[in-house]
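Here's a quick walk through one structure, written for someone who likes cut-offs spelled out. Have a look at it first.

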Amino acid sequence: MGLLQLLKSQFLCHLILCYVFVVSGLFINLLQFCTLPVWMVSKQLARRINIRLAYCLSSQMVAMLEWWSGTECTLYTEPQSYRFYGKENAIVVLNHSYDIDFLCGWTFCERFGVLGSSKVLAKKELSYVPVIGWMWYFLEIVFCKRKWEEDRTLVAQSLQKLHDYPEHFWFLLYCEGTRFTPKKHQVSMQVAESKGLPILKHHLLPRTKGFWVTVQNLRGKAAAVYDSTLNFQNNEKPTLLGVLNGEKYHADLYVRRIPLDLIPEDEAECAAWLHKLYQEKDSFQEQYTQTGRFPGPIVSPPRRLWSLINWLFWSCLMLYPLGVLLTGLISSGSMLSIIVSLVFCSAASVGVRWMIGQTEINKSSNYGNKE
Ligand SMILES: CCCCC/C=C\C/C=C\CCCCCCCC(=O)SCCNC(=O)CCNC(=O)[C@H](O)C(C)(C)COP(=O)(O)OP(=O)(O)OC[C@H]1O[C@@H](n2cnc3c(N)ncnc32)[C@H](O)[C@@H]1OP(=O)(O)O
Ligand SMILES: CCCCCCCCCCCCCCCCCC(=O)OC[C@@H](O)COP(=O)(O)O
């Protein structure tokens with residue numbers, strides 16, 4: 001193991017990274033809160049400010065993936081589709097099988113310049129996660145309870161509000177509704193059988209209602225669906241803790257651009273269309289398992305310096321007061337202050353560990369465990 005790699009795996013480094021992320025995150029949340037009066041004067045200005053503030057936060061995690069762990073993200077797509085990426089609104093449909101699939105998604109958002117404005121249909125529980133969840137509240141992320149009776153109006157209303165959104169955004173939809181586990185796969189395949197649908201090997205059966213309501217409510221605003229299939233080379237099973245440890249992963253993403261006009265308006269036809277899409281995605285995953293690559297040419301955008309510059313900026317801004325505080329603490333020689341600080345640090349570490357736990361599939365919810 002090289003010296004740099006050894007350094008990256010040290011707990012103290014992780015503490016410093018997490019400190020910068022959480023304290024700058026809370027500061028950004030506070031700035032977002034301060035934009036509330038701006039909403040009353042100019043909604044579009046408040047939105048634009050929030051997009052930039054969200055970028056400051058999400059791109060720190062992207063920088064950790066791209067620059068700290070050095071993870072390589074390769075894009076397979078057709079060049080004629082590539083020219084639209086980042087220049088239009090789109091609905092992104094992605095498989096949900098990895099702890100860090102959302103982070104790989106963010107990386108591509110960053111490279112195409114839509115990171116600050118990117119959105120997702122997320123489970124309500126995530127809105128309570130400090131820093132990221134609170135940031136999403138100001139970013140008009142669409143939350144659902146995964147209870148269709150309540151979601152059908154809530155989700156539609158939130159989507160309608162995006163019609164006058166001032167900048168290009170990608171709206172992420174994990175149609176599987178939950179992360180892939182063998183148990184959830186088994187249950188969802190029972191549902192597939194009972195509906196006379198073909199068995200999927202690499203995906204859960206997609207939930208069609210959220211997709212239909214999203215497509216219907218973003219018609220006229222989003223130009224296309226980006227059908228995205230993610231996998232990792234050499235059977236890697238990436239985790240956020242691994243990324244924090246500086247482990248390098250190799251992500252491959254296959255994206256097909258499908259104009260929104262090609263998607264049926266009728267609910268049943270739209271559901272059938274989505275099931276067919278997942279059968280195709282399943283065949284791409286099978287091809288990847290067999291050959292180690294997706295169809296289509298590789299047209300990868302390079303990582304950008306912006307995420308690194310942003311990360312260095314926040315690190316300097318947050319580490320300076322910490323340095324002053326620690327120096328004062330040590331020179332004061334007060335045992336009580338030192339013990340109180342240690343207890344505070346331990347509690348903060350437990351809090352961050354809980355946040356990282358939100359990304360771990362082995363802590364996935366019970367949703368989808370029974371029909
Ligand atoms: C590559 C570029 C990437 C770009 C990235 C861009 C942006 C990034 C931005 C942010 C990144 C942050 C990431 C955060 C991630 C957080 C993601 C989540 O929280 S995922 C969970 C929430 N989202 C969803 O659930 C979306 C999908 N779900 C739906 O659409 C649902 O339909 C619903 C709207 C939520 C409603 O759910 P509900 O359970 O109430 O209803 P359903 O219609 O799903 O259920 C009834 C229906 O399903 C059948 N059924 C029953 N059991 C199962 C089963 N086990 N599997 C499948 N189907 C099942 C049942 O028979 C009913 O069928 P029918 O509809 O025919 O009646
Ligand atoms: C830059 C330095 C960073 C320091 C590290 C600090 C990391 C703290 C990060 C916390 C990030 C929290 C974001 C949570 C996003 C989780 C996305 C996700 O995958 O949600 C799961 C749902 O889709 C489905 O839920 P399940 O039904 O499977 O249950």
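## Ground rules

This is a predicted model, so to speak of a local feature takes pLDDT of at least 70, side-chain atom pairs count only at pLDDT 80 or more, and totals for chains, interfaces and linings use all residues. Residues are numbered from 1 along each chain as its sequence is written, while chains are lettered from A and ligands numbered from 1 in the order in which they are written.

Helices here are DSSP runs of H or I with at least four residues, strands are runs of E with at least two, and both are numbered from the N terminus.

Take L173 as an example. Leaving out residues up to four places away in sequence, L173 touches I91, V92, V93, L121, G210, F211 and T214; a contact needs C-beta atoms, placed from the backbone, within 7 Å.

## Strands around β3

Strand β3 (residues 119-123) runs parallel to β5 (residues 170-173), with 2 bridges joining them, and K119 has F171 as its bridge partner in β5. On to β4 (residues 142-144): 3 bridges join this strand to β3, again parallel, and L121 is partnered with V142. Pairing takes at least two DSSP bridges between the strands.

Together, β3, helix α7 (residues 132-138) and β4 form a right-handed β-α-β unit. Right-handed means that, with the strands pointing away from the viewer, the path from the first strand over the helix to the second runs clockwise.

## Either side of α7

Which residue in the loop between β3 and α7 is worth a look? That's V131, a non-glycine residue with a positive phi near 70°. V131 is buried because 20 other C-beta atoms lie within 10 Å. The cut-offs are 20 or more for buried, 12 or fewer for exposed and partly exposed in between, counting other C-beta atoms (placed from the backbone) within 10 Å. I132, in α7, also counts as buried, with 20 C-beta neighbours inside 10 Å. The C-alpha atoms of I132 and A54 are 8.9 Å apart, though 78 residues separate them along the chain.

In the loop between α7 and β4 sits E140, with a positive phi near 60°. E140 has 16 C-beta neighbours inside 10 Å, so it's partly exposed.

## The ligand shells

Ligand 1 has 39 residues around it, with F102, G105, W148, R207 and G210 coming nearest; a residue is near if its C-beta atom, placed from the backbone, lies within 6 Å. By class, this shell holds 23 nonpolar, 8 polar and 8 charged residues. Nonpolar covers Ala, Val, Leu, Ile, Met, Phe, Trp, Tyr, Cys and Pro, charged covers Asp, Glu, Lys and Arg, and the others, Gly among them, are polar. Elements supplying at least two residues include β2 (90-94), β3, β5 and α10 (208-218). In α10, 8 of the 11 residues are buried, among them G210 and F211.

Ligand 2 is surrounded by 23 residues, the closest being F21, T178, R179, S364 and S365. Helices α2 (11-34), α4 and α14 (335-357) each give two or more. The classes here are 15 nonpolar, 6 polar and 2 charged.

Note on methods. Contact = placed C-beta atoms within 7 Å.
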